[in-house]
Amino acid sequence: MDANNVQQRRQIKVCIATCNRADYSKLEPVMAGIQADPDMELSVIVLGSHLIDDYGSTHRFISADGFSITQKLHTIVRGEDEAAMVESVGLSLVKLPDVLYRLDPDLLVVHGDRFDALALATSAALMNYRILHLEGGEVSGTIDDSIRHAITKLSHYHACCTERARQRLIAMCESPSRVLLSGCPSYDKLLRADTSSLERVCHRYQVDPNDFLIVIQHPVTTNQVESQKMFSVMVDAVIEFNHSTLFLFPNVDAGSKDLTRIMRRRGLESHGQHPNISTIKHIPFDEFMILLSKCKCIVGNSSAGVREAGAFGTPVVNVGSRQTGRETGENVVHVRDADSKEKVLRALQLQYGKRYPPSHIYGDGRCIPRILQFIKEIPFKSGIQKGFNFPAMPASSSQDIDHILEIQSALAIDMGGTNLRVAIVDLRGQIVYYTKVPNPPVFEERIDVLAALISDAKKKAVEHDCRLLGIGISTGGRVDPKEGALLDATSLIHDWSYVNLRALLSSKVELPVWVDNDGNCAAQGERRFGKGQGVKDCITVIAGTGIGGGIILNGEVQYGSTFCAAELGHVVVSMDGPLCSCGQHGCVEAYAGGATLDREAKSLHEAGELNDFLEADREVSGVHLTAAAKLGNVNAEKIVRRAGTALGTAITSMLHVVNPSHVILCGHLAPVYYNYVKAVIQQRALPSARKVEIVVSEISDPALLGAASLVLDYSIRRIYGNSH
Ligand code: UDP
């Protein structure tokens, strides 16, 4: 790209708003990343306690770090009580719109769970500015917990620190594609901390580099009385512990002044009364990190203890409820109910000087590149309205004129080993349009072919007056349907593991995408359009090239703990039977799969037994074998009987595990095996399990119709409620 093009390319305008040192330690690495990225333009709003002397005037460090501050906003109403926090939010809400309007960012980055961040997110959301929220999905005590989740709801994108946080965000109905598991930005620095200047830093803050304790304890806004009691107990324990100590003043939250008063009363501010203890408002993060890594213990309730100290294996005594629910490493000892000095003292004695293995729960040091990439992938040109992924439930029964005039349909795709089939399927299961092409063996080519087929089908939908509600994909292999991702391929489809089809396709085709395994799709196809209609407990067995299927219990598809439920082809029917495609012996697929019948047909043909059944232009296959069996060829009948008996045996085992009311046989071999299966069940199943109804599917292509059901089941429930 030449210089002109670089100039012409529009940069993404990212505004970072920082309110205090607590968010700055995480936002600073993001700011540095954005500042260094030629595709982005950084603006910085500084507000909150950054601008207050009592809290260290920490805005100075932002300039010293090389960032130019675009706007400073005084937003703190002093008083340090609950009302002051509310008034501070109010003041921010008054001042922010003008600034945001002027900066007009493409994206506002907000961190964490503080009241100032709530004001930022509220302003930006109301003004239709996109918000990226860092560190959502975590759990802690105090009002911070509620604020964090409220900001999640106001934000459009999320970069979170742990897998559990990611899961919580999704459980809070945020769309998985908008949630990035980035890790904590401060870990990009913590894991690269250079501690060589420890002596100098300790000298500056007047602690013994070989033997010192750090104390940071903030108010618990939701229980101030208890908070003050715990603070007093902690201070007394620290004084009695009598080691070189760096004592940080509490933050700006409601109750802060009372804690500072307790410090003063215990003589912690005046030099000399406790010569071992030095107090300070703030230490720049680069230095704080060094101290954190080398101190003998950190006590209090700061997130620096529970989230950051783990990076170094530094012991922590966490006091009270402020961090309740946070994920921590083994380096943390909780004194949840700090009702006596002795308890805190005992915890200090236990922890002081220990070293734990470092834990990387909150980050692997590679957060910033992930966040930058995530920002670049935001579709800034599309509408800002965010949706919530509520669980499916009956919705209003009103209708939309478009829905009445157009045929509501699904674009169904069946990804087989040989062919890729695409169909537009309407609500009644009618196939409005159908096409089939060979499935390319190479991944990139396959995705291109898929995208082209989808684009053609979208044009066909217009020609046929069809409204496509989404794309449903049925594929061989193990699938995570919640993520829309393939986990493992089958031997039939190459180059098809670890593919997040939903993420890959939905942005390309601008339609929601659902993905499921072909067996589960067949079960869903039967449930919506076939013999499974109105049946609550049902097993669908596909007898085709292989053996597969799906299990529906109480109306829900069963996926199992690792999406491996209903691998019906690998139900073992003999301890030392023939070799199966999975590498084991005795699976039902090795007896009854179409591929096995093809092989048996060839052997029988070589023995000269199938000549009467062959057609001139067709290769010998299982079709000839089953025809021969039907017409009385003894050896062919023996093979088919063995296969049918194996399938019946496998199904009998399934009946004893699942106890369905119906078993639906589908696939081209279903009619061939039907009588054998029924006979085995009558002979071998327990009397109560025998009551099952065995039926043969009447749908020619249940997996394809099932792919359509993935879309229709979800969308129709949303539009009409459950009755449809
Ligand atoms: N921090 C800092 N200097 C300090 C104290 C804390 O840089 O003097 C950092 C600390 O590493 C953490 C963040 O500020 O990343 C938040 O700490 P704090 O205890 O202020 O707030 P909390 O997150 O517990 O509300």
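How many disulfides does a search of the whole structure find? The search finds zero, a disulfide being a pair of cysteine sulfur atoms within 2.5 Å. The structure is a predicted model, in which local features need pLDDT of at least 70, side-chain atom pairs count only at pLDDT 80 or more, and totals for chains, interfaces and linings use all residues. Residues are numbered from 1 along each chain as its sequence is written, and side-chain values use heavy atoms, with hydrogens and water left out.

The closest cysteine sulfur to that of C161 belongs to C184. The two sulfur atoms are 4.4 Å apart, which is too far for a bond. C466 is in no disulfide either. Its nearest cysteine sulfur, in C521, is 20 Å away. C161 is buried, because its relative accessibility is 4%. Buried here means under 20% relative accessible area, exposed means over 50%, and partly exposed lies in between (1.4 Å probe, protein chains only). C466 is buried as well, with a relative accessible area of 8%.

The overall architecture is as follows. The chain has 724 residues, and 55% of them count as buried. Its C-alpha trace spans about 110 × 55 × 50 Å along the principal axes. The secondary structure comes to 25 helices and 26 strands. These are DSSP runs numbered from the N terminus, with helices (H or I) of at least four residues and strands (E) of at least two. The chain is divided into domain 1 (9-190 + 368-376), domain 2 (198-351), domain 3 (401-530) and domain 4 (534-698). The domain bounds come from an automatic or database domain assignment. Between the centres of domain 1 and domain 4, taken over C-alpha atoms, the separation is 58 Å.

Where does the ligand lie? Domain 1 and domain 2 both give residues to the shell around the ligand, so it lies between them. There are 18 residues around the ligand. A residue is counted as near when one of its heavy atoms lies within 4 Å. S25, H218, S302, S303 and E308 come nearest. The shell divides into seven nonpolar, six polar and five charged residues. In this division Ala, Val, Leu, Ile, Met, Phe, Trp, Tyr, Cys and Pro are nonpolar, Asp, Glu, Lys and Arg are charged, and the others, Gly among them, are polar.

For R21, an N or O atom of the side chain is 2.7 Å from a ligand oxygen. The corresponding distance for R322 is 2.6 Å. On its own the ligand has 520 Å² of accessible area, and the protein covers 96% of it. Accessible areas come from the Shrake-Rupley method with a 1.4 Å probe. Two or more shell residues come from each of α2 (21-36), α12 (285-294) and α13 (303-308). The most come from α2, which gives four residues.

Positive phi values occur at two residues that are not glycine, C173 and N659. Phi of C173 is near 75°. C173 sits in the loop between α7 (163-171) and β7 (179-181). C173 is also buried, at 11% relative accessibility. Phi of N659 is about 55°. N659 is found in the loop between α23 (634-658) and β25 (662-666).

Notes
Polar contact = N/O pair within 3.5 Å; in protein donor to acceptor, adjacent residues only side chain to side chain.
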